[in-house]
Amino acid sequence: MSGNRIIGINLYHVKIPMKEPFRISSGEVAVKDGILIELKIKTEDEILSAFGEASPMAGSFYSNETPESVWDELITHWTSIKDFNFDDFLDEIEKLNEKMINAGLSSYARAGFETALWDAYSKIKNIPIFEILGAERTEIESGLAVGIYDKIDDLIRVVGNELDTGNYKRVKIKVQKEWDITPIKVIRKSFGDIPLMVDANCAYTRDDIEHLRKFDEFELLMIEQPLKKDDLEGHAILQEKIHTPICLDESVDSIDKLKLAVKFKSCKIINIKIQRVGGILISKKFHDICKGEGIPVWIGTMPELGIGSAYALNLCMLDNCKFPTDVESSKRWYLDDIITPLIDVKNGVINFTDDLSFEVNFDKIEKYTIKQKKINF
Ligand SMILES: [Mg+2]
């Protein structure tokens, strides 16, 4: 019998003010919502706290889930992790994932519970998560992601200011109809041949294929999620007609979808997000399947708060991650965060702890919590 068991679960819905609103083709957010899942674990000699993060975007503009709907799921389904057995960790996580998928839990709720269990296991064993995944600590390159603005001048100012810091290895801009060729052209003109990519967040359809072919002249690293989420065949048709690599994000929210995308040849690159696929173990599976197929991947974010971001950084250690991550400096998006140290970027590389561990600041959690639920058993 394991000496390690969960004796309580605390849920916190926090809202952290953002430095500026983040706008993509389908909506805008000005405040970052996150749901923190704290597990109280009784080990043989102490009681420790482990944290997970469920991080759907407010207003359901990236997916159907909202912070409120995910909160309800977590409240309804906390019993699924209550008796978690830490003895055969990976097997137990596998079983739990299957159980949560069968129960219809969203990827966000699953990621929240699952990442908390990884943190718990990592703390019980005193081994970093990336080592449990079989990876070694290496340098992590960070890429800049920039939203949609009303004016080109604002876009150029923001990109210029961020590039002046010398802190990013590539630039990603969000695009949509009427906000694509011109901003790409102006960025190329203003900043030369910087590694540049675009993300459409599903803004186009098959009717736009001729238009999207115009993107090829700008030598982009990739175009992320150009077509609708469910149109894997459309992406395959588009990929045949353009030489810019397509990277899928929203489309591949399960292992089955990933396998279909591989089969159809819908893309040449995959963005892996813990929140979209539902946790660390499934992210690792995504990575391994893609590696086997010769498809390079990289690690995206919602963006998440510090907790979720730190777990994303662990995944960046996997050897088929071939492009900079979307994880940026904590201060890039948020006026504050709840972990210490904050994630920072220096000379294009993530500056964080060697073992990617962090402390959670409980005063800050209290400050930013709008809703809380404590479950003891
Ligand atoms: Mg994306």
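What we have is a predicted model, in which local features need pLDDT of at least 70, side-chain atom pairs count only at pLDDT 80 or more, and totals for chains, interfaces and linings use all residues. Residues are numbered from 1 along each chain as its sequence is written.

Let me begin with the whole chain. The protein chain has 15 helices and 15 strands, where helices (H or I, at least four residues) and strands (E, at least two) are DSSP runs numbered from the N terminus.

Now to the cis peptide bonds. One joins M302 and P303, with omega about 5 degrees, and P303 lies in the loop between β10 (297-299) and α13 (306-315). Another runs from T340 to P341, with omega near -5 degrees, and P341 sits in the loop between β11 (339-340) and β12 (344-346).

N126, in the loop between α4 (107-125) and α5 (129-132), has phi near 60 degrees, while C202, in the loop between β6 (196-199) and α8 (209-213), has phi of about 70 degrees.

Are these residues buried or exposed? A residue is buried if 20 or more other C-beta atoms, placed from the backbone, lie within 10 Å of its own, exposed if 12 or fewer, and partly exposed in between. N126 has 8 and is therefore exposed, whereas C202 has 22 and so counts as buried.
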